[in-house]
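Please find below a colleague's note on the model under review. The points are numbered and may be read in any order.

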Amino acid sequence: MTAHSEPATTRTAPADSSENVAAPAPAPAASAENAADPADAFTRLYGRTPEGVWAAPGRVNLIGEYTDFNDGFVMPLALPHTARAAVARRTDGELRLHSADIPGGVVSLRVDELAPHQGHDWAAYPAGVVWALREAGHPVTGADIHLTSTVPTGAGLSSSAALEVVTAFALNDLFGLGLSAAELALLGQRAENDFVGVPCGIMDQMASACCTDGHALYLDTRDLTQRQVPFDLAAHGLRLLVVDTRVKHALGDGAYAERRAACEAGAAALGLRTLRELPYEGLGAALEALARGGADESVVRCVRHVVNENHRVEQVIALLDAGDVGAAGPVLDAGHASLRDDLRVSCPELDLVVSAAVKAGALGARMTGGGFGGSAIVLVDEASADTVAGAVTAAFAAAGYMEPGIFPAVPSAGARRLA
Ligand code: ADP
Ligand code: MG
């Protein structure tokens, strides 16, 4: 199995940058182990001891892609890879932010001067959480924060949500705010949507905040109803591999907004508030109605994807509940085909992971996350995991692509206090 060894050179830096930061985030190693103790680094940096240390994980989504902004179903699991934060309160209105993973030193901001779209590069994620908390009326009077993360950045594994959620959990504890995990996830999403300016749904923050060890999180994004679904891969002799293609194609950001708009147009044309309200059984008639009404072909395809994808989540839940985990493989394959052909958010690298893995004997595979690069997941029998990983790596070499990062997705705990 291959490990990350070098930063991904093809990943794009965030659009906004500030003088505080010299370079884009390098991709941290795919190892879940974090070498340095963030408390020690905090003490060296700020000259005092932190009041606590918190962790929040990255995630992969097992099934339910491009459904969270349609009030639909998702099913993520947390990775063992986490963002960790050592934090101490301040009362003077200063917010000092530092990341061990970014060159450029401490970013100093004033909490009462935080406003959306100010830039701040990576620091916008934790600063946005402070802004969102204060906007919601919570008395966050400043903090010193040191962050470090093992979640690969820009790999579709939600390193940004991990950063938001770890910051939100830490400030919630230290300032005694008494907010629930779901409320903290929503504030993290608000930070990313309104402060950073990325129009993401709620899945990533909810996964990082609410997942539990050994489970996938079945989440209804309409009302945030959730259920922890046992997902004990080892007990079934299975493994779920994450394959980080280590590419991120620039057209992804615009395409995400376009797909959202197409879904909204589809719902509006059908007289629905969101596509969630269209039942699977009504899909055929709805597609005919859209075609008769002259809807754009891309709208028709997006509607078909979302309704089928919600149905696939329910299929996977039923299989997991029945203990037939391996049978979820073909559902993952169908999900990939739909993201590739209907939603059109895949890319040659992701398609190659899926085709090479399935050809080498995987039970199923699909892209995960927003697409246009990032990561895919591959469900395999434990016995053939190395063969399948080797086949994917060989296929990438033959295609002239960068070596992918491959590691097992062990369903892990959500955000928590460590010290
Ligand atoms: P993803 O969430 O899929 O990893 P995003 O583009 O949403 O990708 O978020 C990646 C961004 O999050 C990075 O460019 C950086 O600004 C920020 N980030 C992630 N991890 C860290 C870290 N360890 N230190 C500082 N910033 C980080
Ligand atoms: Mg992100």
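Predicted model: local features only at pLDDT ≥ 70, side-chain atom pairs only at ≥ 80, totals over all residues.

Is the crossing of α10 and α11 left-handed or right-handed?

Residues are numbered from 1 along each chain as its sequence is written, chains are lettered from A and ligands numbered from 1 in the order in which they are written, and side-chain values use heavy atoms, with hydrogens and water left out.

1. Helices α10 and α11. The crossing of α10 and α11 is right-handed (a crossing is left-handed if the near helix is turned anticlockwise from the far one by less than a right angle, and right-handed if clockwise). Helix α10 covers residues 348-359 and helix α11 residues 385-399; they pack at an angle of about 135 degrees, with their axes 9 Å apart. Axes are lines fitted to C-alpha atoms, for helices over the stretch in contact, and angles run from 0 to 180 degrees between N-to-C directions. Helices (H or I, at least four residues) and strands (E, at least two) are DSSP runs, numbered from the N terminus. The two helices are therefore oblique to each other: angles under 35 degrees count as roughly parallel, over 145 as roughly antiparallel, 65 to 115 as roughly perpendicular and the rest as oblique. Glu349, Leu352, Val353, Ala356 and Ala357 of α10 meet Val388, Ala391, Val392, Ala395, Phe396 and Ala399 of α11 (contact means heavy atoms within 4.5 Å). By class, this contact has 10 nonpolar, no polar and one charged residues; Ala, Val, Leu, Ile, Met, Phe, Trp, Tyr, Cys and Pro count as nonpolar, Asp, Glu, Lys and Arg as charged, and the others, Gly among them, as polar.

2. Helices α2 and α4. The angle between α2 and α4 (residues 181-196) is about 110 degrees, and their axes lie 8 Å apart. The pair is therefore roughly perpendicular. Residues of the contact include Tyr125, Trp131 and Leu133 of α2 and Leu187, Arg190 and Phe195 of α4. In this contact, 11 residues are nonpolar, two polar and four charged.

3. The open sheet. Six strands, in the order β5-β4-β6-β3-β1-β13, form an open sheet of mixed pairing (two strands pair if DSSP finds at least two bridges between them). At its edges are β5 (107-110) and β13 (416-417), each pairing on one side only. Helix α2 (residues 124-135) packs on the sheet and touches β4, β5 and β6, its direction making about 150 degrees with that of β4. Strands β4 (residues 94-99) and β6 (residues 143-149) run parallel and are joined by five bridges; Ser99 has Leu147 in β6 as its bridge partner. Helix α3 (residues 159-174) lies across β1, β3, β6 and β13, at about 145 degrees to β1.

4. Loop residues. Glu65, in the loop between β1 and β2, is buried, with a relative accessible area of 2% (buried means under 20% relative accessible area, exposed over 50%, partly exposed in between; 1.4 Å probe, protein chains only). Beyond its neighbours within four places in sequence, Glu65 contacts residues including His305, Glu309 and Arg366. Asp71 has a positive phi, near 65 degrees, and is buried at 13%. Phe372, in the loop between β10 and β11, also has a positive phi, near 55 degrees.
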